[in-house]
Structure formats: structure tokens, C-alpha cells
Amino acid sequence: MEQLTDTVWLHSVVAGGFPVAAGVVLGHDRIFVFDTLDSPQAMAPVAELLDGLAAGRRVIVVNSHHHWDHVYGNAAFAGHDIVAHRLCPRLIVAQSRSGAESVPPKPPEGVALPSIGFGDRLRYEDRSTTVHLIHTPGHTEDSIILYVEQSEVLLAGDTVEWPLPALSMRDGEKVYLQTLRQLTQLPARRIVPAHGPVMGKEIIDANQRYIEGLYDAVRSAKRAGVERGDLDLPATAFVPAGAGVGDTYRALHRQNVEWVYDEV
Ligand SMILES: [Zn+2]
């Protein structure tokens, strides 16, 4: 586990070729676990930290959205509240029934579904800590973020990602850009994407430019008659200068290009 501040810890594993991080936030009365990675076993270090820290605090598990690499460890926290956007449980179920190649089989322990759902916002406040859960649709329709007011830390799930975001909400362009504009209003000093390094607000800006640039470029190409398979739009044209784009993100970018092509 990596300690980010006095009250925030991070734990990362590699799932499906991508590093993915979960967070722990220690309050006075509660301790929050943000995302459960790809299996209950992957959450063992977090469970161990809770053993040492929870000390009578209520454990609140949060799922940032329904994707398997964020919820497959839910069974490690059986008996605790699991909070998510209200669309999340049915999307978890739909994902496991989809048979999609990109979705690994569920862990043998199963995937405990979120037990508490909310719509726009949910706030937890105690004498030391104010935690805001905020609906931030765009990556998916059920995406949420967790913001810790006192430490100005934003746990972003997949709402922002480095070097580029993954598009998986159909017709989500306007909603995603609106979400990113809303995120820049938060006085966050440290932003923790589930996939990527801890950064400042430049990650929001970079993702906004990526989405705007990609939709514009694909729209123009499609209007000019370019076929889906012939689109030549390298990722490096849409990410900040100097941001490295490795094989996994080149492949993800290609999926984004085709995703946008089917939409514009
Ligand atoms: Zn995701």
C-alpha cells in the first residue's frame, strides 16, 4: 500500500494489462474503500490495512462504476455496505451476462452487488472528514468519483485516465465533457485515476482535449467519406505533447476511434 496523505492510501495491481488502483480513506467514524479491483485476493492488503485501522469505524465500500476491474473484489467485504450509483448493480449483472471477450469470468466467490444506491450526490461527514460521492457520467453512465474535502484528494475511478480516457457510454460526448467541466470546479489538488499516476488538474484538461479533438477529427473524416477501417488518427495527436502512449493505450485509442465513428 502507498500512503498518499495522513488519511488516504492507495493499492494497485495489474488487471487485464492495465495497472488499476483502489483507495482507502480514513475518517473519524468511517473508513472508505474506493473500488475492489479484479478479485477478492487482490484486496488482501486493503483488508489487512482495515484490520489495523478500522478500530470500531464503519467500513463503507464504494464502487466507482460497474466495470469488472473495479468490482470483482467486492466479495472481500461481505457484510459491509457497498455504495454505488443506482444504475451500477444492474450494469454489473448485465456485464457478467454479456459474454464479452474483454470480461473475465466472475471470481468463484461471486460479486456482491452494491447495497446502497444514489442519484446525483451523497455526502458523509464526521468530525474529521467530509467525503463527497458525485455522479460523473461519461466513461460509463454509472461512473462516480469520491472527493475528500479536507485533503483535497479526488479518487476519480475511470472518469479521468492517463494518457487517455476509455469511451464506453453510448452517445456520451456531451455528458462526458459536461462532467469534466464540473470536475474542474472542485478544489482538488491531487487527482487519483484508477489507471495512471496521481496528478493535478492537468489530467482533466488533457482528457477534455482528447475527447473534443477525437470527436472533431472523426466527424471530419467520416464526412469526407473515410471508411471505419481506414481511419488514420494516431493517439499522439490527441494527448499532451510528451505523454507516452504504450501498446495498451494505442489499442484502447483504436477502440475509441471506432466507438466514435459509430456515433457521429
Ligand atoms: Zn471502466
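## Helix H4 and its two faces

In H4, the buried residues are Tyr176, Thr179, Leu180 and Leu183. Because they cover an arc of only 95° around the axis, they sit on the same side of H4. Turn to the other side of H4 and you will find Lys174 and Arg181, which are exposed. The buried residues of H4 pack against H5. Please keep in mind as you look around that this is a predicted model.

H4 covers residues 173-184, and at 1.5 Å a residue its 12 residues should span 16 Å; the end C-alpha atoms are 17 Å apart, which agrees.

The domain assignment of the chain gives domain 1 (2-201) and domain 2 (211-261). Taken over C-alpha atoms, the centres of domain 1 and domain 2 are separated by 27 Å. Domain 1 puts 10 residues into the contact, and domain 2 puts in 16 residues.

Helix H4 comes up again here: it supplies three residues, the largest share of the side of domain 1 that touches domain 2. By class, that side of domain 1 has eight nonpolar residues, one polar and one charged.

## The largest nonpolar core

The largest nonpolar core has 70 residues, and those with the most contacts inside it are Phe32, Val33, Val62, Leu146 and Leu154. Helix H5 (residues 202-223) gives the largest share of this core, eight residues. Domain 1 (2-201) and domain 2 (211-261) both give residues to the core, so it lies between them. As a general background point, nonpolar side chains in soluble globular proteins tend to be buried together.

Phenylalanine 32 touches Val24, Val25, Ile60, Val62, Val131 and Leu146, leaving out residues up to four places away in sequence. Valine 33 is found in strand E4, and it counts as buried because 27 other C-beta atoms lie within 10 Å. Setting aside neighbours within four places in sequence, valine 33 is in contact with Ala22, Val24, Val46, Val59, Val61, Val62 and Phe77.

## Leucine 37, a buried loop residue

Leucine 37 is found in the loop between strand E4 (30-34) and helix H1 (44-53). Is leucine 37 buried or exposed? Leucine 37 is buried, since 26 other C-beta atoms lie within 10 Å.

What does leucine 37 touch, not counting residues up to four places away in sequence? The list is Val13, Ala15, Val20, Ala22, Ala42, Met43, Asp69, Tyr72 and Gly73.

## Helix H3

Helix H3 (residues 88-97) has Cys88, Pro89 and Ile92 as its buried residues. They cover an arc of only 105° around the axis, so they are on the same side of H3. On the other side of H3, the exposed residues are Ala94 and Arg97.

What covers the buried residues of H3 includes helix H2 (68-71), strand E6 (81-85) and strand E7 (116-118). Just after H3 comes glycine 99, with a positive phi of about 70°.

## Backbone spots to look at

Most residues other than glycine have a negative phi, and most peptide bonds are trans.

Alanine 55 has a positive phi of about 35° although it is not a glycine. Its place is in the loop between H1 and strand E5 (58-62). Alanine 55 counts as exposed because it has 9 C-beta neighbours inside 10 Å.

The loop between strand E11 (153-157) and H4 holds proline 163, and aspartate 171 lies in the loop between E11 and H4 as well. The peptide bond from tryptophan 162 to proline 163 is cis, with omega near 5°. Aspartate 171, a residue other than glycine, has a positive phi near 55°. Aspartate 171 is exposed, since 7 other C-beta atoms lie within 10 Å.

Note on methods
Residues numbered from 1 in each chain as written. Predicted model: local features only at pLDDT ≥ 70, side-chain atom pairs only at ≥ 80, totals over all residues. Core = buried A, V, L, I, M, F, W, Y, C linked by C-beta atoms within 7 Å. Buried ≥ 20, exposed ≤ 12 C-beta atoms within 10 Å, placed from the backbone. Helix = DSSP H or I, 4+ residues; strand = E, 2+ residues; numbered from the N terminus. Domains from an automatic or database assignment. Contact = placed C-beta atoms within 7 Å. Expected span 1.5 Å × (residues − 1). Arc of directions from axis to C-beta. Nonpolar A, V, L, I, M, F, W, Y, C, P; charged D, E, K, R; others polar.
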